Amino acid sequence: MAKLFLKFEDQVIQEVSLSSGTVTIGRQPDNVLRIDNPAVSGYHAKVYSENGHYVLEDAESFNGTYINSQRISKVVLKDGDKALIGKHTLEFNAQAQDVWHGSVSTVDAQAKAKLPQLDRTAFLDTAKAKEMIAMAVAASSSGRATAVQQKAQQKGADQSQAPAHVAHQTIGTLTIMEGRTDQKHYVLTSRLTVIGKSKMAGIRLKRWFAPHVAASIYRSEDGYFIAASGDKIKVKVNDALVEGGKKQIEAGNVIEVDGVKAVFGFCEA
């Protein structure tokens, strides 16, 4: 069964089956695939079945939807297509196994009227968007397969284990010990928190030559994970270099990214 994989920095954040109807994508909380990033419109795009094919249609979004460096309004998806939405990549897989990891969001008119008023969508530079598309296309497809396999193995584990329970009951925090950032304490409520100098980063680095995007912390059902944005970025957890992609972080871990040292912890949700 066909599936969509939502990625950031080639890390799978969410996956959803296309067997349950239209998949809406955007920043508002009633979307099936919610992307909590200011470069994404409230209702940015949608994927649905039409004449035996799956179609990606832009919903007149502010920054647009791109496939193969071209801004599209509506396009028939082919297996392996990668669309850029804001700073996230949406990958279409026509042959993925039908394993559901999400739920379709449905709201009536009354509930829709109560949706939060979002901040204005931030402008995303077109040249930067095209660069990100190229990076997404060049990413290894084996990385996705590994991420999906690991997630499937974890879901088969005993759901009553303490770490899984903690992940559902608490929210991650980051307290800065050394280095220059825009705050000293962060509550990691978003599914994805970017660390970097970018104005869209959740944790803003203030060093003059800091990377635009240095690393990212993302939350899944299994806990919190940290990953560097590229091979040239060094991320350490408890003085050990993070290699091979991502690393799960636990309460009390000391994280180092581009001269910033911070302690990870939890607070009550």
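1. A charge sits over a ring if NZ of Lys or CZ of Arg is within 6 Å of the ring centre and within 35 degrees of the ring normal. Lys-246 lies over the face of Phe-225, 4.8 Å from the ring centre. Lys-197 is placed over the face of Trp-208, at 4.9 Å from the ring centre.

2. This is a predicted model, in which local features need pLDDT of at least 70 and side-chain atom pairs count only at pLDDT 80 or more, while totals for chains, interfaces and linings use all residues. Residues are numbered from 1 along each chain as its sequence is written, and side-chain values use heavy atoms, with hydrogens and water left out.

3. The whole structure holds six aromatic pairs (rings of Phe, Tyr and Trp, the last by its six-membered ring, with centres within 6.5 Å; planes under 30 degrees apart are stacked, over 60 edge-to-face, the rest tilted). One of them is Tyr-54 with Phe-92, which is tilted because the planes stand at 55°, with the centres 5.9 Å apart. Tyr-54 lies in strand S6 (residues 53-58) and Phe-92 in strand S11 (residues 88-93), so the pair ties together parts 38 residues apart in sequence (strands are DSSP runs of E, at least two residues, numbered from the N terminus).

4. Phe-264 and Phe-266 make an edge-to-face pair, 5.1 Å centre to centre with 80° between the planes. Phe-264 is buried at 1% relative accessibility, whereas Phe-266 is partly exposed at 31% (buried is under 20% relative accessible area, exposed over 50%, partly exposed in between; 1.4 Å probe, protein chains only).

Notes:
Helices (H or I, at least four residues) and strands (E, at least two) are DSSP runs, numbered from the N terminus.
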